Amino acid sequence: MKPPVLTVENFSVDYLGTHTTHAVKEVGFTLARGEVLGLAGESGCGKSTLAYGLTRLLKPPALITSGRATFHPGTGDPIDLASLNGDELRRFRWDKISMVFQGAMNSLNPVISIRAQIEDIFTTHRPQMRRPEREKAVGDLLERVGVDRNRMRAYPHELSGGMRQRVMIAMAMALDPQIMIMDEPTTALDVVVQREILDEITRLRTELGFAVIFITHDLPLLLEVADRIAVMRSGQIVEIQDAYDLYTTPQHEYTKRLLASFPSLTGERGDFIRTGASDARLGQLEETDQDAEGALQ
Ligand SMILES: Nc1ncnc2c1ncn2[C@@H]1O[C@H](COP(=O)(O)OP(=O)(O)OP(=O)(O)O)[C@@H](O)[C@H]1O
Ligand SMILES: [Mg+2]
């Protein structure tokens with residue numbers, strides 16, 4: 001396995017109240033440099049809480065009750081995220097770890113142009129950049145995610161949901177982070193747009209080499225895009241495996257049930273089709289499926 005970019009140990013989060021919820025319980029995993037790690041599990045199992053917790057974005061009544069998240073830069077000493085103060089954390093968040101959150105496309109400011117919103121990241125984090133350089137960077141970023149650079153003058157309401165989500169992904173990529181956390185980045189979009197954006201993310205990951213924590217309840221989708229998959233249930237990671245192994249030889253009862261709940265994965269014809277390119281073995285699996293399909297015809 002490649003060297004780690006993030007290690008998470010014994011991480012727990014509670015929501016305090018008359019009935020305290022133990023939303024994340026002693027979670028531990030390692031994210032390798034350039035890896036796409038999928039995080040799957042039913043609604044309410046704690047996926048978003050874990051993502052917000054790792055990036056220290058939780059607000060009361062949430063409380064991190066145990067554990068540690070350590071970032072490993074390419075060079076230099078590991079950084080315990082709990083050791084960063086407010087300013088350091090803000091810098092760290094866009095620069096090293098960035099996020100696309102559930103419903104992110106609605107968090108663009110409606111009265112500010114796309115260009116100004118993206119430029120703002122550069123003004124804050126790259127103050128040495130000059131105006132023409134910034135403008136070029138905004139255009140390049142938009143093009144990278146499949147948005148015409150001329151749309152930079154648009155306001156959010158002038159863009160479709162898919163376009164706005166692409167803009168959010170562009171913003172998350174602006175400073176070339178080493179980790180991107182994507183929490184249901186495409187769930188609100190129709191299947192075609194979702195597919196296009198996923199292909200884009202897969203391509204960019206290969207090109208730029210960032211690691212991704214990809215959160216979704218859509219397990220078939222994760223089998224396509226992720227190198228490894230962690231299955232979460234009631235705040236715990238019950239199983240973490242190579243995507244191919246998880247599909248072919250799930251270990252935990254809950255993973256088996258989860259896989260079985262997607263008919264497209266278990267149907268006789270096995271119409272599981274892989275289009276991503278992160279694991280050659282899954283490509284072979286696709287061929288096998290097609291062979292089986294051929295035999296049935
Ligand atoms: N602000 C909050 N206050 C109290 N409890 C909360 C809060 N936010 C989340 N929870 C609880 O924490 C648990 C985990 O929620 P979380 O949103 O992390 O789940 P999730 O896996 O992201 O779900 P989904 O797939 O629906 O997005 C749930 O039981 C939820 O009710
Ligand atoms: Mg969530």
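Q: In β2, which residue is the bridge partner of Tyr15?
A: Thr21 is the partner of Tyr15. This is a predicted model: local features need pLDDT of at least 70, side-chain atom pairs count only at pLDDT 80 or more, and totals for chains, interfaces and linings use all residues. Residues are numbered from 1 along each chain as its sequence is written, while chains are lettered from A and ligands numbered from 1 in the order in which they are written.

Q: How many bridges join β1 to β2?
A: Eight, and the two strands run antiparallel. Strands (E, at least two residues) and helices (H or I, at least four) are DSSP runs, numbered from the N terminus. Two strands pair if DSSP finds at least two bridges between them.

Q: What order do the strands take in the open sheet?
A: β2-β1-β4-β5, with antiparallel pairing. The edge strands are β2 and β5 (79–80).

Q: And what does α1 touch there?
A: α1 packs on the sheet and touches β1, β2 and β4 (62–71). Contact takes C-beta atoms, placed from the backbone, within 7 Å.

Q: New topic. Which residues are closest to ligand 1?
A: Tyr15, Ser43, Lys47, Ser48 and Thr49, out of 14 that surround ligand 1. A residue is near a molecule or strand if its C-beta atom, placed from the backbone, lies within 6 Å of it.

Q: Which element gives the most to that shell?
A: α1, with three residues.

Q: Last one: what does Ile213 touch?
A: Leu31, Leu37, Leu39, Ala51 and Ile181, leaving out residues up to four places away in sequence.

Notes: Contact = placed C-beta atoms within 7 Å. Axes fitted to C-alpha atoms, helices over the stretch in contact; angles between N-to-C directions.
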